[in-house]
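Please look through the sequence and the three-dimensional structure shown here, and then read the briefing that follows, which is grouped by topic.

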Amino acid sequence: MMMIKTNIVRADGISRGAGQSVAGHLAYCTGRAYRDSYYGKKAYGEKRADLVFDELLLPSQAPAALREYQAFLDAWNASEKHPRALMAHKYILALPNELDAAEWIGLARSYAQEMFVSRGFPVFYAIHRGLASEHPKPESIQAVGTREDNPHVHLLAAFRQVGENGFLDTKYAGRTTYGKDFLRQVRQNWCACVNRSYERQGVDVRFVEGAYRNGLMAGLPTKHIGPYAMRLEAAGIKTEAGDRYRSILSQNRVRKQECDHEFLLVDSQDKEHEYCADREE
């Protein structure tokens, strides 16, 4: 029997107007330190034990000098003059637990090439293992069932294309990647890429876009809490994100009990039919 999993994609942006930094994001994803030439300071990332792999992908016409991370960040910051510039799209994409690290890397690389690099947009991505044992949740927000590991890829796609002389002067093409239609394409293509990997490995699992919305999975999808709210919850401080999460868990517990009861009724009816059939024979 084919197992259904929901396709999880979170999308956001990195904007100077919000005080955000592309160097800071790379530092967070890799656990390394990078200098942000625009803000004039160095960003330090906490050491990451869960980092599986990270890579910078550039269009084939990009200068070789940009292949070094710090040189790339410096050129990226220099290309943006406006203090409120939108620097990049930021995505977090769920990876399949059933596949190994080599498959994750191939999946992330081919997807980034197809969606962004082939169109001239440079991409940085980092894969995190997301071990449940290394990220325990506070008692106040425990999941309904058994927690699985949460492997995922952080993908950062520049809003400005790169040519043979470096970052282009115009960001016109970047506007085509900023909207609901493109986000829908991002989600659907990721779902298709993951399912091709499942098929290639002979795994009877499929990612489905909108699995909760279309009634293919019981219950309600939970909302991401975020590291800041998680730290507060761990310290015993209730948060709005935590309250929202607890409300969804409560509803899902009720739904799980209903489903278990429905299963017991159906199982009991099946056994009764089998008993009656045996008597007739």
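## Briefing on the predicted model

Val-194 is a residue of helix α4, where helices (H or I, at least four residues) and strands (E, at least two) are DSSP runs that are numbered from the N terminus. This is a predicted model, in which local features need pLDDT of at least 70 and side-chain atom pairs count only at pLDDT 80 or more, while totals for chains, interfaces and linings use all residues. Residues are numbered from 1 along each chain as its sequence is written, and side-chain values use heavy atoms, with hydrogens and water left out.

**Confidence**

- The chain has a mean pLDDT of 81, and 77% of its residues reach 70 or more, pLDDT being the predictor's confidence in each residue, from 0 to 100.
- Over residues 260-281 the pLDDT is below 50, and beyond near neighbours in sequence this stretch has one contact in the model, a contact being heavy atoms within 4.5 Å.
- Where pLDDT is low, the predicted coordinates should not be read in detail.

**Helix α4**

- Val-194 is buried, with a relative accessible area of 0%; buried means under 20% relative accessible area, exposed over 50%, and partly exposed in between (1.4 Å probe, protein chains only).
- Ala-192 and Tyr-111 are 81 residues apart in sequence, yet they are 9.8 Å apart in space, C-alpha to C-alpha.

**Cysteines**

- How many disulfides (pairs of cysteine sulfur atoms within 2.5 Å) does the model hold? The count comes to zero disulfides.
- Cys-191 is buried, with a relative accessible area of 7%, and its sulfur is 9.6 Å from the closest cysteine sulfur, in Cys-193, which is too far for a bond.

**Helix α1**

- Helix α1 (residues 22-30) is mostly covered, since seven of its nine residues are buried, among them Val-22, His-25, Leu-26 and Cys-29.
- Cys-29 is buried with a relative accessible area of 0%.
- At the start of α1, a side-chain oxygen of Ser-21 reaches to within 3.2 Å of the backbone nitrogen of Ala-23, and just after the helix Gly-31 takes a positive phi of about 80 degrees.

**Nonpolar cores**

- The largest nonpolar core has 32 residues, of which Phe-116, Leu-155 and Trp-190 touch the most other members; such a core is a set of buried Ala, Val, Leu, Ile, Met, Phe, Trp, Tyr and Cys residues joined through side-chain atoms within 4.5 Å.
- At least two residues of this core come from each of β6 (86-94), α3 (101-115), β7 (123-128), β8 (152-158), α4 and β11 (205-208).
- A second, separate core of 25 residues includes Ala-23, Cys-29, Trp-76 and Met-87.

**Aromatic pairs**

- The structure holds ten aromatic pairs, which are rings of Phe, Tyr and Trp (its six-membered ring) whose centres lie within 6.5 Å, with planes under 30 degrees apart counted as stacked, over 60 as edge-to-face and the rest as tilted.
- Phe-72 and Trp-76 form a tilted pair, 5.3 Å centre to centre with 55 degrees between the planes, and because they are four residues apart in helix α2 (residues 69-79), they are separated by about one helical turn.
- Trp-76 counts as buried at 1% relative accessibility, and Trp-76 and Phe-167 form a stacked pair, 6.2 Å centre to centre with 15 degrees between the planes.
- Trp-76 lies in helix α2 and Phe-167 in strand β10 (residues 166-167), so this pair ties together parts that are 91 residues apart in sequence.

**His-154**

- His-154 lies in strand β8 and is buried, with a relative accessible area of 6%.
- The side chains of His-154 and His-128 are joined by a polar contact of 3.4 Å, a polar contact being a pair of N or O atoms within 3.5 Å; within protein, one must be able to donate a hydrogen and the other to accept it, and residues adjacent in sequence count only if both atoms are side-chain atoms.

Methods. Disulfide = S-S within 2.5 Å.
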